[in-house]
Each structure stands twice: as structure tokens, then as C-alpha cells.
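Please keep the structure in view while reading.

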There are 4 protein chains.
Amino acid sequence: MPREVRERQMLDAAVAGFARHGYQAASMDDIAEEAGVSKPLVYLYLKSKEDLFTACIRRERAALVAAVRGGAGGGEPQPADAEQQLWRGLCAFFAHTAARPDGWSVLHRADTQGEPFAREIAGMRAEITELVTLLLGRAAVDAGCDEKFAEREVSGLAHAMVGAAESLAVWANSRTDAVPSPKETAATLMNFCWTGMGQMIKGARWSPHR
Amino acid sequence: MPREVRERQMLDAAVAGFARHGYQAASMDDIAEEAGVSKPLVYLYLKSKEDLFTACIRRERAALVAAVRGGAGGGEPQPADAEQQLWRGLCAFFAHTAARPDGWSVLHRADTQGEPFAREIAGMRAEITELVTLLLGRAAVDAGCDEKFAEREVSGLAHAMVGAAESLAVWANSRTDAVPSPKETAATLMNFCWTGMGQMIKGARWSPHR
Amino acid sequence: MPREVRERQMLDAAVAGFARHGYQAASMDDIAEEAGVSKPLVYLYLKSKEDLFTACIRRERAALVAAVRGGAGGGEPQPADAEQQLWRGLCAFFAHTAARPDGWSVLHRADTQGEPFAREIAGMRAEITELVTLLLGRAAVDAGCDEKFAEREVSGLAHAMVGAAESLAVWANSRTDAVPSPKETAATLMNFCWTGMGQMIKGARWSPHR
Amino acid sequence: MPREVRERQMLDAAVAGFARHGYQAASMDDIAEEAGVSKPLVYLYLKSKEDLFTACIRRERAALVAAVRGGAGGGEPQPADAEQQLWRGLCAFFAHTAARPDGWSVLHRADTQGEPFAREIAGMRAEITELVTLLLGRAAVDAGCDEKFAEREVSGLAHAMVGAAESLAVWANSRTDAVPSPKETAATLMNFCWTGMGQMIKGARWSPHR
DNA sequence: GATGAATGAGATTTCATTCAT
DNA sequence: CATGAATGAAATCTCATTCAT
């Protein structure tokens, strides 16, 4: 059996294990058994538990980012405006996290598992935030507004948006009854924030004093 | 030294340890040492690692919920409307999470540490969501709108809002440069979502087709 | 409260605890709690766990030996012959072990708990064996037989008898249905061995070759 | 080194350790060291201390029962009557307990080490008691006696006999001077009880009044 | 006389990791 | 290429025992 296939089997088993039990609680024994190979082989191919987890994160991160990028940038016909791109990106995000719950769980949990992994997740977030920032900029142009958001504001908004999306993904995945469709979830988020963003693009700011 | 004092010392040390390393990676040895006591005493007072972590969660949860409730409901003069209450609640939330970063980290991490702990966090989220839901309802009335949100929509919105707030709190805490003040962070979130909520209260809904 | 009373309470609690859980598994915490006193007091009065267990053994040993001696030697009218004495001694033995099951359990278990305790039990067995040997000697005389058992034979017989009695005591105590009365148990043992002894006194010996 | 060999080494070391110190006082560290392996290997093969002790009991129990059964049932020429079978069984019993003192010690001690183990010993005793009961029944027939013992009487007698044998085995093993041969010990027991049994088979019963 | 507070030492058990074949 | 066999290190937890008051 070629190495690539074996390696994918191991990663599949590892993703499943880490998703179910978390990084620390998942044992290399169980992962090797689930992959149908012996433990030394796992070590031969993937060096250590930390490297194995990192490989899982990288694979799932790449898959998720590709899905979101594909959703936002592709499609037929080519999306006309930034709003549509954001909408499609969100749909792709929720569709992907729903289709690969274990992968999403690994990414979600990796955030709280200490330094080497949190950095990887931070990188992923930066990728997505960059994409969102780009779209917001284009949306401002679309709205005939040449006044750009201050960097600082955009950063905060993007984090809020990504945070909200993450929360909704977990929440949607964990529902046992009436699981909402990815589009429904995406619409909830658009309802929640798009109008506010539109107002900000126009230069309006919320202020506590009235 | 009286029991209560010792117990607080232990909880302080445990919160610090769990915040830094997570539940599994934090060792009872280290916690005991940081608390300045011997391990058996920790076990005598707090029964087990699981119970110790639960005690940490409960204490920090209670403190956080009290802070938010106090922020939203109190103040002089009594806040006139729901918008102000939400604003003050958010300020209190970000102020608290900034003032007690370890406590917040424990709560944030507990969510991904398996069954007994996730339930506790779910309970906390439910408490806060309930409060937010109440405020949104009153905001709708304030806006002269007798049409209530559908239950399902509110649930999604509240989750998105809480998720966004959580993300922002982590993000604000993790910045090393130019840490935003709690009020700035709260303003970011209000900007992000309040206008959209206002539109929804008026019955408007975002839709992908234009 | 006078020291003697306190000390008896402790011994009572200890006997109960050791009987239920064995020497190692019984904890000083539990014993102190059951006795209704604090742990340091137990240590003040009884020095250590080993000493406490030894004290339990000594007390129960003394009570059991006194009961057997009293049964064999006393009564009204004074028993006429050794057979009657043996019979009464056995009755007293089984009555005592049935009346104080915890005490008997402590003695029975002490035999398998390592050096310092096994010696104490060996001492008790020696006391009882001596008594039995005496009675057998008198029985031989009663039977008009001046030929004495060889020392070696008596030692073996006495051990067999005591072993059989111990086994029967445990067995009788552990029955949940149809608990036999002490007299029934004693009669079983007399049936079992007295005739054989009688034959031996007369000089007969069993031999494998017919 | 193949698994089976290692496993036997471990059981040997465990039997020795448990025999010397008892179940609780024997430590897994010491057992592993005596077996010449590391602790994790012991756990890998034998799961837990409880399982290890149980495995020891089972092995020694099987060996002892096989020895007794073989002694009672085999031999050349085929033993003619029940008396000879009992005699040979006893010889085999005392020979086995003398040849494997540690194994016998483990079995003897297991009886007082709490529920899961006591049950195992009870099972062993039941096996042997059943065998003895069978032989007694056949002995009654051999003696031309069609009157059977009452169930209850037999049960008591068998317990007394097994108890006596156990005691004698311990006693014989613990002698430092003049260790009696298995046959001598067996003869002691036959002398002690066989005549009495013979009388009972004939219907005679001992009674306290005369 | 009596105890609340505290601990040193050691128990069982698990896990990531590596040879020898 | 692949694995059965093996372990160093460390985790959680318990217990007999002692001060300071």
C-alpha cells in the first residue's frame, strides 16, 4: 500500500480521535488502532504526537480555507459584488463545517491547546480575516465610498464576524433537533451584521450618547 | 491559617494554572506548589482535579455573570432603555474579562474540555443569552414594535452576539500592543450588530437575492 | 469523659473497622470518625496503627480464651470428665465467635497480615492447643489408658482440631440461611473427631495398608 | 522474549510477592522488579493489580485442584475403595502445598482479602468439598450402609475436614524443625477423622448426654 | 485534654516513545 | 516495510502521622 494512502488513513483516524477526545485525551494507541496500523508506523511517518496534531490542523485548515475562498471567489456567474461574495463565502464556510464536523472540531479545539497549535489557528484566522477585510474594502468602493475603514476598526469587526461565525458553526453542529441548513445559518449571520457594516461604510458610528 | 483563606489561595493558583496550560496539561503538583501548600491539602479541600476545575469554573462564572448583570441592571441614573442596558452590560463584560484574564481564559477553555465542564459553560451561556434576549425584547418594545422576533431567530442572534463577544474578549486580551479599552471593544461590537438588530426589529430581513 | 471509656470506644470502632475491611484497607480516618473522636487523640492513646491493631487482637484474644477456659473449666455441676470439658469448651468457643463476629473476624484475619500479628495469633493458638492437649491427656487417663500420646502426634491432632474449629466458626458465621446454633456446630465437630481420638487413646492407629 | 514466557515470569514473581507480603502490602514496583521487567509491561499483560492477583489465584487453584484430583483418582493400581482414594487425595494435597509453599500461601491469604478473591477461594473449596462428599458417599456404600448422610451433616463434616487440612498444611509449612512428610501429615488427619466418620456411616452419633 | 490544619512518602496507573527483528 | 515487545517519566490520589494552639 503506497505511503500516501497510509498517511491519509492515519490522518483520518487522528482527526476523528482528536475531535472526539481532544488533544491530550486522545491516545496514540487508539489512533493507531483506528487507522489499522501499528504504532511504530505512525511514528515513522509522523514523528510525534505534536507533529501529528499539527498535520491534522494543517490539513483541515487548508481544506476549510480553500472551501471558503472557493465559495467567495468562484461560482457561475462570477459574483457581481462584495456582498454576494461574502454571502457565498459564509455559505461555503457553514457547508464545510457541517460536512466535516470532525475537522471543524479539531480546528476549534486546537485554539485552546497551547502555544504551537494556537499559532496555527491564529494563522488561519488571519487568512480568513484578510479575505473578509478585502471584501469589506470592495464593498465600501461598491457603495461609492472612498473613505476607508481605519485599520483598527476593520480588525475588530473582522474578529467579531469570525467569532460570530465560529460560534454559530459550533452551535449549528451541536443541535440535535432541527439542524439549520448552512444557508439558514449564513442568513442569520448576514442579518445580524451586514446592515451594521453598511451603515459603518457610510461613515455612521454608534455612540453611547444617544 | 483558616480554611477559607487557604481555599481561596488554592482556587487562585488553580485558575492561574488552568488558564496557562489548560485542564489536562496543568498538574496538581504545580497548582499545589503555586498555592504554597502540599498536594494532600488540595485533595482534602477540593476532592479531585475534576472537582477543583469545576470549582474554578463555578467561581469565575458567578463573578462574570454578576458583573454583567450588575452592569446591565445598575448604574446611576437607572438606564432608561434597553439599548443603554445592553451597552453597559457589554462594557461590564469586557471590563471584567480584561481585569481577570485568567478567569476568562478558564471559562473559555472549559468549553472544549469534555462533558462535565462544557455543561457548566453551556449553563453560563444560557444565563447570558437569557439576559440578552430580554433586552432585545424590551428594545423591540422601545422601538414601538409589537411584532416579536421569532424564537428561532432570537436564539441564533443571541448565539452570534455572545460568540462575537467571546471572540472579541479573547482577541482583546491577547493583544500585546495597543490593548483596546473595554469601552472601545464594546463600541466595536455595538457598531457591528446594533444597527442590524434595529433593522430586524423593524421587520427588515436580509436576503441573498438583492 | 474518663480515659478508659474513650479507649474502649476506640477499640470498638477499630475492631469493627478491621473486621469489615481488613488491616490495610481500614483507615485511621474512618476509625477515628466511627469512634467519635479526632485522629490525634487516637494517636495519643494508641500510638500507631500497628499498635492499635495489636491492641484489638490482644483484647479479642483475651476475651476468646477466657470464654473457652470458662466454658471448659467451670459450670455447675463441675464437669465430671475430660470429654464433657472438651464439649463445653467447644460450645463456649462457637457461642463466643457467634456473639462477637467482628472480634472473631479480626482474630481470623490477623493470621494473614504479616509478622507482628501472626505471632500474636500463634500465641493464642498455643494457649488453646495447650488446653486441648491437657484435656486429651486427662481423657486418656479417664479411659484407663496410661499410654500417653507421643508429643508429636498430639501437636498435630490439636492443630487439626483447632483448624477444624476455626473453619467451622467462619463457616457458621457466614451462613445467611439456617444459621446453626453453637451447640449444633460443636456437636458436628465432636462427631467428626471424638470417636477417632478415642480409638487413638486406645492405641489404635490408622494405616494406609489396610 | 515471547509473551507467554514473560507472563509466567510475572505470575511467578507475583505469587512470591503476594505470598510474602499479602495482597495490599505487596507493591507492583517490587513485583515488576522481581520479575525482571518494567511496571508498564506488567500492566500491559495483566491489566491491574486486582487482575494480577486473580490470575495468581486461578493458576494456583487450578494446580492444586488438579493435584488433588489426580491423587485421588489416579495411581497404579487403580484404588479399590473410597478410603484409599481419600488417603491418596490427602497425600497429594499435602505434597502439593509443601512443594509450592508460595502458591499455597497465596490461596490461604486470598480468603481474607475481600470480595472478589474470597469468592474465588470459595469456589475452590466447593470443588474440593464436592470431591470429598462424593468419596464419603462411596465410602458409605463400601461399608454396606445404604443410609445416607443428611445433606446438612455432610456439609458440616466436609468443611471441618477441609478446614483441618488447611490448618495442617499451614502448620506443616511453617515448621522450621522436623518438617513432617506429606504422608505423615495425611496420616495424622486420617487418624483424626476417619474412625469418626466410619462410626457415623454406621449411624452412630455423638451426644453430650453420656 | 483535644483538635483543626497540614504533610512526606508512596501507591496504582497511563502514555508517548523506541528498539530488535 | 512493518511490528511485537518493552520502558522512562510522570500523572492522580491516599494514608499514617504530627504540630500549634
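A residue is taken to be near a molecule or strand if its C-beta atom, placed from the backbone, lies within 6 Å of it. The model discussed here is predicted, and in it 34 residues surround DNA strand E.

**Surface near DNA strand E**

- The closest of the surrounding residues are Ser38(B) and Pro40(B), Ser38(C) and Pro40(C), together with Pro40(D).
- Two or more residues of this surface are given by each of α2 (28-35) and α3 (39-46) of chain A, α1 (3-25) and α3 (39-46) of chain B, α3 (39-46) of chain C, and α2 (28-35) and α3 (39-46) of chain D.
- Divided by class, the surface near DNA strand E has 17 nonpolar, 6 polar and 11 charged residues.
- For chain A, an unreviewed UniProt entry places the feature "DNA-binding region" at residues 27-46.
- Over residues 27-46 of chain A, the chain is 80% helix and 0% strand, with the end C-alpha atoms 15 Å apart.

**Relation and contact of chains A and B**

- The contact brings 35 residues of chain A together with 36 residues of chain B.
- On the side of chain A that touches chain B, the elements that give two or more residues are α1 (3-25), α6 (101-110), α8 (151-174) and α9 (182-201) of chain A, and the largest share, 12 residues, comes from α9(A).
- That side of chain A comprises 17 nonpolar, 15 polar and 3 charged residues.

**Domains of chain A**

- Chain A is divided into domain 1, covering residues 1-46, and domain 2, covering residues 57-201.
- The centres of domain 1 and domain 2 of chain A, taken over C-alpha atoms, are separated by 29 Å.
- Where the two domains of chain A meet, the contact takes 7 residues from domain 1 and 8 residues from domain 2.
- The side of domain 1 of chain A that touches domain 2 of chain A has 6 nonpolar residues, 1 polar residue and no charged residues.

Note on methods:
Residues numbered from 1 in each chain as written. Chains lettered and ligands numbered in written order. Predicted model: local features only at pLDDT ≥ 70, side-chain atom pairs only at ≥ 80, totals over all residues. Helix = DSSP H or I, 4+ residues; strand = E, 2+ residues; numbered from the N terminus. Nonpolar A, V, L, I, M, F, W, Y, C, P; charged D, E, K, R; others polar. UniProt positions renumbered as here; feature names shortened; annotations may be inferred. Domains from an automatic or database assignment.
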